[in-house]
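This briefing sets out the fold, the nonpolar cores and selected backbone features of one protein. Please read it alongside the sequence and structure shown here.

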Amino acid sequence: VAAWEANLRFLEDGRFGSNKMKLMVSQNLPFIPIAEAWEAGSDVILPMDEDVARKQVEQIDAKVLSNRKPAYCIKGGLFDAMKDAGGTVLKVTNDEAARAGKLFEETEGIDIESAAAVAVASLVQAVNNNEVEKDRSILLNITGGGAQLFKRTHKIHQVQPRLIFPINADKATIHEAVRGLFVKEMV
């Protein structure tokens, strides 16, 4: 959605052409709620069984792409952006993403995070399926460059959480536990 907002600012500025960019969103199979909603023509995320969703999320490498309540249906959210600018959702397997991540590292000399590898795999897929014209300018958001290199060259300290809540914890329990992290009771 941030890319769409930037695109609108570029159009208003006038120095960057008069065409809106097409939004191509990437999802990591099998957890694809945005793709399912978009392909159904729905402006809301379709209902999903919580147990099935959790199992699907466990299977994907790009956990950061696993939001069950993304900013899809809110006014000005992803659905509106994709409808306005033209859009599609590309679906990528873990294996496709791993190959794309390796290709990126071999080509660019730096490792990338799994979500960025999904984006690269989506671009490869779009090019192979002739969904991207050869002379088009493409903005590809690559995140997490060098994380594996950093881990190989630096000592990593794993921080343990102070609190872990059950998935359906009630608000009062959460509030009290978090309050206890910051407020010392007066004796």
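A nonpolar core is here a set of buried Ala, Val, Leu, Ile, Met, Phe, Trp, Tyr and Cys residues that are joined through side-chain atoms within 4.5 Å; buried means under 20% relative accessible area. The model is predicted. Its largest nonpolar core has 14 residues, and the protein as a whole contains eight helices and two strands.

**Nonpolar cores**

- Within the largest core, the residues with the most contacts are Ile34, Trp38, Tyr72, Leu78, Met82 and Val89.
- At least two residues of this core come from each of β1 (23-28), α2 (33-39) and α4 (78-85).
- Another core, of 12 residues, lies apart from it and includes Ala62, Ala115, Val118 and Val120.
- Leaving aside residues up to four places away in sequence, Met82 touches Leu23, Val25, Trp38, Gly87, Thr88 and Val89.

**Fold and dimensions**

- In sequence order, the elements follow the pattern α-β-α-α-α-β-α-α-α-α.
- The radius of gyration is 20 Å, whereas a compact globule of 187 residues would have a value near 16 Å.
- The C-alpha trace spans about 70 × 45 × 40 Å along the principal axes.
- Among contacts with a separation of 6 or more, 65% are between residues 24 or more positions apart.

**Burial, surface and charge**

- Of the 187 residues, 29% count as buried.
- The protein exposes about 13200 Å², and carbon and sulfur atoms supply 54% of this area.
- There are 23 positive and 26 negative side chains, and the centres of these two sets lie 4 Å apart.

**Backbone features**

- Most residues other than glycine have a negative phi, and most peptide bonds are trans.
- The peptide bond from Leu29 to Pro30 is cis, with omega near 10°.
- Asn130, a residue other than glycine, has a positive phi, near 55°.
- The loop between α6 (114-128) and α7 (147-153) holds Asn130.
- Is Asn130 buried or exposed? Asn130 counts as exposed because its relative accessibility is 67%, and the cut-off for exposed is over 50%.

Technical notes
Residues numbered from 1 in each chain as written. Predicted model: local features only at pLDDT ≥ 70, side-chain atom pairs only at ≥ 80, totals over all residues. Heavy atoms only, no water. Helix = DSSP H or I, 4+ residues; strand = E, 2+ residues; numbered from the N terminus. Rg over C-alpha atoms; globule rule 2.2 N^0.38 Å. Buried < 20%, exposed > 50% of the residue type's maximum accessible area, 1.4 Å probe, protein only. Contact = heavy atoms within 4.5 Å. Areas by Shrake-Rupley, 256 points an atom, 1.4 Å probe, with all protein chains shown as cover. Lys, Arg positive; Asp, Glu negative; His and termini not counted. Charge placed at Lys NZ, Arg CZ, Asp CG, Glu CD.
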